[in-house]
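Thanks, everyone. Have a look while I bring it up.

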Amino acid sequence: MRKYVLIPDSFKGTMSSLDVCRIVTDAILSQEPDAAVCAIPVADGGEGTVDAFLSAVGGQRIPVNCTGPYGEPITACYGLLPDGTAVVEMAAAAGLPMVGEHRNAERTTTYGVGQLIVHAARHGARQIVLALGGSATNDGGCGAVGVRFLNAAGKAFVPVGATLKDVARIDTAAMDEAVRRVPFTTMCDIDNPLCGPTGASAVFGPQKGADAAMVRRLDDGLRQLAGVIRRDLDCDVLDLPGGGAAGGFGAGAAAFFRSPLRMGIDVVLSLTAFDRRAADADLVITGEGKLDSQSLRGKVVIGVARRAKALGVPVAALVGASELDVAAAYAVGVSGIFPINPAPAPFDQVKSLCRAHLRFTAENLIHFFRAVHP
């Protein structure tokens, strides 16, 4: 009996990682009914991260009454895994889809994310994994960190994008003791710095409703915050790779929670015990929407391939499309790349046929693999 480990990313705009796992599992079992299939769906830190972890390792969703991106009352959930790890998805309380067309990065807050963090810490989480992605905010995570921000007059306030410029002093004494004690890991799949032309405001601000003038104000606010953090907390986050993630929440997590910023796939591989589950596998199957130069910076396919190579297990990558120069992918452990679309086509057509194409390609892959490994 052969064993297959499935660990795909989503195919952006078409299929979630859960969809991909289900389709490929069906394809494998149609060819090899007695095969053992271990599915580990992956999310990149944005919406769906909690569900992906719960599907991969079990656990439960914990609902919390908290506030949304504009301070409105909502109920959001974090995931509590069997080992006591709490996965807090910032998109659950401050996600871009929550604001619809009402996008204003100067007014949105991460305060509700902090409420999820406090609940998890006070209810015994052994560690907190903070998943950054899909944010509607540009407040440096200040709404979520649970410390006191004071203006020049000594008055405490909760900063948002528009008022970061007013932060004159930071007092960490008020941080919740349970939060202070729990270790954090932050999932962060970008390396943008906090400020400047490749920073949080310039790159991601426009999709959150910022025009050019607002981008400049937001960038100035984050730069002011970084200066106060450096002075009051002795932590330099201005040029921290990944500090610009989620409206500067990467910098906030590093400064206030002393959290390392790690590639999402590395966190997934650790929390799902990938090495143990894949050590006796005959084939690992991964995938993503497009294999390109961005993938080579440590996205799912490459992260999986590196780990599987160390285990001596071959890796097949099912992809929507692939650049032709893939030698680097082979070098890190990818054994074969299999685009699922048989011919170039408009996206609407690709989207309508992607599930059938994925199944067809997966069945072909397993048919071939069984032939060369009878």
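**Helix packing and a few buried residues**

Start with helix α9, residues 264–271, and helix α11, residues 300–311: the two pack with their axes 9 Å apart, at an angle of about 45°. Keep in mind that this is a predicted model. Angles under 35 degrees count as roughly parallel, and 65 to 115 as roughly perpendicular. The pair α9 and α11 is therefore oblique. The crossing of α9 and α11 is right-handed.

Who touches whom here? On the α9 side, we have I265, D266, L269 and S270. They meet V300, G303, V304 and R307 of α11. By class, that contact of α9 with α11 holds 4 nonpolar, 2 polar and 2 charged residues.

Next pair. Helix α7 covers residues 212–233, and helix α8 covers residues 245–256. Their axes lie 11 Å apart, at an angle of about 5°. The cut-off for roughly parallel is under 35 degrees, so α7 and α8 are roughly parallel. From α7, the contact uses L222, I229 and L233. From α8, it uses G247, A255 and F256. The contact of α7 with α8 has 5 nonpolar residues, 1 polar and no charged.

Now helix α2, residues 49–57. Which of its residues are buried? They are T49, V50, A52, F53, L54 and A56. After α2 comes G58, and its phi is positive, near 90°.

On to R2. Where is R2 found? It sits in the segment before β1, which spans 3–6. Is R2 buried or exposed? The cut-off for buried is under 20% relative accessible area. R2 is at 16%, so it counts as buried. The side chain of R2 makes a polar contact of 3.1 Å with the side chain of E32. What else does R2 touch, leaving out residues up to four places away in sequence? Besides E32, there are A35, A36, D282, F369, R370, H373 and P374.

Last stop, D19. This residue is in helix α1, residues 17–31. D19 has a relative accessible area of 16%, and the cut-off is under 20%, so D19 is buried too. Between D19 and D139 there are 34 Å in space, C-alpha to C-alpha, and the two are 120 residues apart in sequence.

To recap the helix pairs: α9 and α11 are oblique, and α7 is roughly parallel to α8. That's my tour. Over to you.

Terms used:
Residues numbered from 1 in each chain as written. Predicted model: local features only at pLDDT ≥ 70, side-chain atom pairs only at ≥ 80, totals over all residues. Heavy atoms only, no water. Helix = DSSP H or I, 4+ residues; strand = E, 2+ residues; numbered from the N terminus. Buried < 20%, exposed > 50% of the residue type's maximum accessible area, 1.4 Å probe, protein only. Polar contact = N/O pair within 3.5 Å; in protein donor to acceptor, adjacent residues only side chain to side chain. Contact = heavy atoms within 4.5 Å. Axes fitted to C-alpha atoms, helices over the stretch in contact; angles between N-to-C directions. Parallel < 35°, antiparallel > 145°, perpendicular 65-115°, else oblique. Left-handed = near helix turned anticlockwise from the far one by under 90°. Nonpolar A, V, L, I, M, F, W, Y, C, P; charged D, E, K, R; others polar.
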